[in-house]
Amino acid sequence: NKSLEDLSLSANAVGDEGAALLCGALKANRSLKTLNLGSSQIGLAGVRAIADLLQQSKTLEDLSLWRNAVGDEGAALLCGALKTNRSLKKLNLKSNKIGLAGMKAIADLLQQNKTLEDLILSGNAVGDEGAALLC
């Protein structure tokens, strides 16, 4: 469907393979604005596919990945993709086991990306040092 604007698959067992298949299919979509994959059992392999989609998407404004297993490496992948993405305004990474290394990647991204307006990081292992990076 090339006119789909909002897709929510939260709280489903999408997994890494499902995320890769979904992102492959969504590359043809030029209208998707909101993608909710919260609590969908997505790990690093799935995040790679999502990062690839972010690099190509010119319409996605809201990406929700709450309560998955993004981790530090996945956060770095997403941040790499968002350095060139100019459409994403909201990113929800709540409860994704992101620590200091992931926070460093996010802080670096925030220095470069001018379109991201809303970033949710609650429920991660940010700590004082990670929080200080954002200030």
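The legends below describe close-up views of a predicted model.

Residue numbers start from 1 along each chain as its sequence is written, and side-chain values rest on heavy atoms, with hydrogens and water left out. Because the model is predicted, local features need pLDDT of at least 70 and side-chain atom pairs count only at pLDDT 80 or more, whereas totals for chains, interfaces and linings use all residues.

**View 1. Overall arrangement of the protein.** The protein contains five helices and five strands, where helices (H or I, at least four residues) and strands (E, at least two) are DSSP runs numbered from the N terminus. Read from the N terminus on, the elements follow the order β-α-β-α-β-α-β-α-β-α. The radius of gyration is 14 Å, close to the 14 Å from the globule rule for 135 residues, so the protein is as compact as a globular protein of that length. This radius is taken over C-alpha atoms, and the rule is 2.2 Å times the number of residues to the power 0.38. Along the principal axes, the C-alpha atoms fill a box of roughly 45 × 30 × 20 Å.

**View 2. Surface and burial of the protein.** The accessible surface amounts to about 6700 Å², and 51% of it belongs to carbon and sulfur atoms. These areas come from the Shrake-Rupley method with a 1.4 Å probe; for residues, only the protein chains shown count as cover. Of the 135 residues, 45% count as buried; buried means under 20% relative accessible area, exposed over 50%, and partly exposed in between (1.4 Å probe, protein chains only). Among contacts (heavy atoms within 4.5 Å) between residues at least 6 apart in sequence, 86% join residues at least 24 apart.

View 3. Five strands form an open sheet in the order 1-2-3-4-5, with parallel pairing; two strands pair if DSSP finds at least two bridges between them. Strand 1 (6-8) and strand 5 (118-120) stand at the edges with a single partner strand each, so one side of each is left without a neighbour in the sheet. Within the sheet, strand 3 (residues 62-64) and strand 4 (residues 90-92) run parallel and are joined by three bridges. Leu63 stands opposite Leu91 in strand 4.

**View 4. Packing of helix 2 against helix 3.** The axes of helix 2 and helix 3 (residues 71-82) come within 8 Å and cross at roughly 10 degrees. Axes are lines fitted to C-alpha atoms, for helices over the stretch in contact, and angles run from 0 to 180 degrees between N-to-C directions. The two helices, helix 2 and helix 3, are therefore roughly parallel to each other; angles under 35 degrees count as roughly parallel, over 145 as roughly antiparallel, 65 to 115 as roughly perpendicular and the rest as oblique. Helix 2 contributes Leu44, Val47, Arg48, Ile50, Ala51, Leu54 and Gln55 to the contact, and helix 3 contributes Glu73, Gly74, Leu77, Leu78, Ala81 and Leu82.

**View 5. Packing of helix 3 against helix 4.** Here the axes of helix 3 and helix 4 come within 8 Å and cross at roughly 10 degrees. Helix 3 and helix 4 are therefore roughly parallel to each other. From helix 3, Asp72, Ala75, Ala76, Cys79 and Leu82 meet Leu100, Ala101, Gly102, Ala105, Ile106 and Leu109 in helix 4.

**View 6. Two loop residues with positive phi.** Gln41 is found in the loop between strand 2 (34-36) and helix 2 (44-56). Although not a glycine, Gln41 has a positive phi of about 60 degrees, and at 60% relative accessibility Gln41 counts as exposed. Lys97 is found in the loop between strand 4 and helix 4 (100-112). Lys97 is not a glycine either, yet has a positive phi of about 60 degrees, and at 66% relative accessibility Lys97 counts as exposed.

View 7. Leu21 lies in helix 1 (residues 15-26) and counts as exposed at 60% relative accessibility. Between Leu21 and Ala49 there are 8.5 Å in space, C-alpha to C-alpha, and the two are 28 residues apart in sequence. Gly18, also placed in helix 1, counts as partly exposed at 22% relative accessibility. Gly18 and Ile42 are 24 residues apart in sequence and 8.7 Å apart in space, C-alpha to C-alpha. Ser31, in the loop between helix 1 and strand 2, counts as buried at 15% relative accessibility. Leaving aside residues up to four places away in sequence, Ser31 touches Lys2, Ser3, Leu4, Glu5 and Thr59.
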